Amino acid sequence: ALTYILVTGGAGYIGSHACKALRAAGFTPVTYDNLVTGWQDAVKFGPFEKGDLSDRARLDEVFAKYQPAAVMHFAALSQVGEAMSEPGRYWANNVGGSLTLIEAAVAAGCLDFVFSSTCATYGEHDNVVLDESTPQVPLNAYGASKRAVEDILRDFGASHGLRSVIFRYFNVAGADPEAEVGEFHRPETHLVPLVLDAIDGKRDALTIFGTDYDTPDGTCVRDYVHVCDLVDAHVLGLKWLKDGKGSQVFNLGTGTGFSVREVMDKAEATTGKSVPHSIGPRRAGDCTKLVSGSVRAATLLGWEPTRSDLETMIADAWGWHKAGAYER
Ligand code: UDP
C-alpha cells in the first residue's frame, strides 16, 4: 500500500523539494495548497488537492481520502517585510490556518507532524550562539506567528498525544540540481534569486538593505542552507517520528554565516558576471545576524548537509534560474 504524507504548501519552494525527497524515499506526497503563493506546475511527485488551511471541511475530506501517515506543514506566508505591514494576514493565515490543520489532523488520528519554523523566532541576540534553547523573542510578525504555532503543537502534544518535529530554518537557498523544481516567488524578496535576476537583467539592480550593521562589512549575516539538504532533514525527521522517538526541535543551518556582500561576491565568481547594485536603508524587521549554533540535527538525526556550501547553492540556483520557471 502507498504511504501518503500530507504536504501542505507542496506547490511552494521548499514544499515542492520536500515532495521530491519524499518520493525518492518511497513515500507518496499529497500536496495540499491554495496556490496563493504556490504553483501547480511545481506539483510533480504525487497527487494535488487544492484547498485552504482555513477550510476545515476540505481538510477533513483530504484526510479521509488518503489517511496520511504524517503531515509536513510548509504552507505559510513567509516574508518579513510583508509581515511588518500586514501582520493580521500572518496571524490569520499562519496561526489560524495552522490551528485548523492541527485540529483536523488530530481528529483524523494523524498524530505525526513535521513543522516548518524559523530562526526568525529567536530575534536579535548579540554574540550569542543560537541553539534550540535560545529564548524566542521574534522581531516581526512572521517570527511571532511561527513561534505561536510551535506553542500550539506543544499544547496538542500534551493534550492529544500529537508528536511533532519542529525545524527552525535558517536561510534556505539553492534548487534541485536537476531543475525539476526551484525557487520561484512572485513577488520575489529573497536575496539569492534577486541577485541572479539582477545579474542577467531580469530586474533592476539589487538594493542592499543597510551597510551600517555591526558586522565585518556592515551588511547582514545569514546562515544559508541548501533546500535539498533541508528537505533531507525532513525525511529524517519523519523517520524519527515513525521510530517513536517523540517530539523534538531542530535548528537547520550549517553554523557558517555569510554577509549580503559575500553572497553577491560569490554569485559574481560563480556566474562570471557582475551584480548591478545600489545601497539602500535597512529593511524593517531584519536581524543583524542569524547563524545556527546547534549540532542537534547532526547528532540526533544523523543529518549531514552535502550541498550547503555557498558556491554549490548559487550554482544550483543559477542552473534553475536558467532552466526553469512556473510562469504561465
Ligand atoms: N537583502 C538585501 N536586498 C534584497 C533582499 C534581501 O540586502 O533585495 C538582505 C536582507 O536584508 C537580509 C538578507 O539579504 O539581510 C537575506 O534576506 P532574505 O529576504 O533572503 O531572507 P530573510 O533573512 O529575510 O529570511
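Okay, let's start with a helix contact: on α1, Tyr 13, Ile 14, His 17, Ala 18, Ala 21 and Leu 22 meet Val 227, Cys 228, Leu 230, Val 231, Asp 232, Val 235 and Leu 238 on α7. Sort those residues by class and you get 11 nonpolar, one polar and one charged. Before I go on, keep in mind that this is a predicted model.

So how do those two helices sit against each other? Helix α1 covers residues 13-24 and helix α7 covers residues 227-242, and they pack at an angle of about 60° with their axes 9 Å apart. Because of that angle, α1 counts as oblique to α7. As for handedness, α1 and α7 make a right-handed crossing.

Now a second pair, α6 and α10. Here α6 is residues 191-199 and α10 is residues 310-323; their axes come within 10 Å and cross at roughly 55°. That angle is why α6 is oblique to α10. The way α6 passes α10 is again a right-handed crossing. Which residues make the contact? From α6 it's Val 192, Leu 196, Asp 197 and Ile 199, and from α10 it's Ile 314, Ala 317, Trp 318 and His 321. By class, this α6 and α10 contact has six nonpolar residues, one polar and one charged.

Okay, on to the ligand. There are 15 residues around it, and the ones that come nearest are Leu 191, Thr 207, Arg 222, Arg 283 and Asp 286.

For Asp 286, a side-chain N or O atom is 2.6 Å from an oxygen atom of the ligand. For Arg 283, the distance from a side-chain N or O atom to a ligand oxygen is 2.8 Å. And Asn 171 has a polar side-chain atom lying 2.9 Å from an oxygen atom of the ligand. Asn 171 also falls in strand β7, which is 171-173.

Last up, two backbone spots to look at on the screen. Where is the cis peptide bond I have in mind? It joins Arg 186 and Pro 187, with omega about 0°. Pro 187 sits in the loop that runs between β7 and α6.

The other spot is Gln 67, which isn't a glycine but still has a positive phi, about 45°. You'll find Gln 67 in the loop between α2, residues 56-66, and β4, residues 70-73.

Methods: Residues numbered from 1 in each chain as written. Predicted model: local features only at pLDDT ≥ 70, side-chain atom pairs only at ≥ 80, totals over all residues. Heavy atoms only, no water. Axes fitted to C-alpha atoms, helices over the stretch in contact; angles between N-to-C directions. Helix = DSSP H or I, 4+ residues; strand = E, 2+ residues; numbered from the N terminus. Parallel < 35°, antiparallel > 145°, perpendicular 65-115°, else oblique. Left-handed = near helix turned anticlockwise from the far one by under 90°. Contact = heavy atoms within 4.5 Å. Nonpolar A, V, L, I, M, F, W, Y, C, P; charged D, E, K, R; others polar. Near = heavy atom within 4 Å. Polar contact = N/O pair within 3.5 Å; in protein donor to acceptor, adjacent residues only side chain to side chain.
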